[in-house]
Amino acid sequence: MRVSLIVATTVDGKITTTDDASSQFASEKDLEHLLAVRSQQDAILAGAKTILNDDPTFTSRPVYQRQRRKNGFSPNPIKCVVSGRGSILPSAKMFHHNNSPAIVFTTQQITSDRYKALSKIADVFVVGTEKVDFYKIVQILADNYQVESLLIEGGGEINASVFQAGIVNEVYLTVCPKVAGGRNVPTAVEGDGFVLSDLVDLELISHRIVDSEIFLHYQVR
């Protein structure tokens, strides 16, 4: 399976602002870029906070639905969310738009009530005791849903976890011409970090600049 990670940051590496505006600092061009990358994926995976803040439907625009059909994909990608305690709201739009499967990956910390509520609107998989096991997620998506390409749209903690798990093959990074600052404002990759000998090594595949916004595409060595 090819696993891609996509993220937009400020010049100082932030993925949100002090007023928690998510990635609203990115341009319309970046949104189009995101939708174009999504159109090439079998499945999309996001974190619970992304679903809470942005409440996306993950429904492709008609032009991308036509492209997906032409390329042998379903009209819309499979929609996945990671929520360690199953705290994602059943009312989230991803569960109620388009006919593409919706999947929740959680841990043994989920309560029985939350499990039952989410099971009514999504496929729910327990993939860990306290932390989500991303190896198991990849295996389930490949074996149960025949997923060959997965796009990670996570926050800093999920991005750290998937890099730590070693499952990322390529990275799409948009650097927006903004400075956010803030010592407690999340960056693209959080977690415990890597020591020098374990840094994730990337190779630049392509780049382009549009109105001072830089679009970078890397592969993981």
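In which helix is the place of Leu35? Leu35 sits in helix α1, which covers residues 28–38; helices here are DSSP runs of H or I with at least four residues, strands are runs of E with at least two, and both are numbered from the N terminus. The model is a predicted one, in which local features need pLDDT of at least 70 and side-chain atom pairs count only at pLDDT 80 or more, while totals for chains, interfaces and linings use all residues. Residues are numbered from 1 along each chain as its sequence is written, and side-chain values use heavy atoms, with hydrogens and water left out.

With a relative accessibility of 11%, Leu35 counts as buried (under 20% relative accessible area is buried, over 50% is exposed and anything in between is partly exposed, using a 1.4 Å probe and protein chains only). Thr59 lies 24 residues from Leu35 along the chain, and 9.6 Å separates their C-alpha atoms. On a 1 Å grid over the protein atoms alone, a cavity is a set of points where a 1.4 Å probe fits but cannot get out, whereas a pocket is an open set with protein on both sides within 12 Å along at least five of seven lines; lining residues have an atom within 4 Å of a point. Grid points are joined across faces, edges and corners, and a volume is the space filled by probe spheres set on the points. The largest cavity has a volume of about 70 Å³, and the count of cavities of 30 Å³ or more comes to one. Its lining divides into five nonpolar, three polar and two charged residues (Ala, Val, Leu, Ile, Met, Phe, Trp, Tyr, Cys and Pro are nonpolar; Asp, Glu, Lys and Arg are charged; the others, Gly among them, are polar).

Helix α5 spans residues 134–145, and its twelve residues reach 16 Å from first C-alpha to last, close to the 16 Å expected at 1.5 Å a residue; the expected span is 1.5 Å times one less than the number of residues. Phe134, Ile137, Val138, Ile140, Leu141 and Tyr145 are buried in α5. Seen down the helix axis, these buried residues fall within an arc of 160°, so they line one face of α5; the arc is that of the directions from the axis to the C-beta atoms. At the N-terminal end, Asp133 caps α5, with a side-chain oxygen 2.9 Å from the backbone nitrogen of Tyr135. Just after the helix, Gln146 takes a positive phi of about 55°. Gln146 belongs to the loop between α5 and β6 (149–153) and is exposed, with a relative accessible area of 54%.

Terms used:
A polar contact is a pair of N or O atoms within 3.5 Å; within protein, one must be able to donate a hydrogen and the other to accept it, and residues adjacent in sequence count only if both atoms are side-chain atoms.
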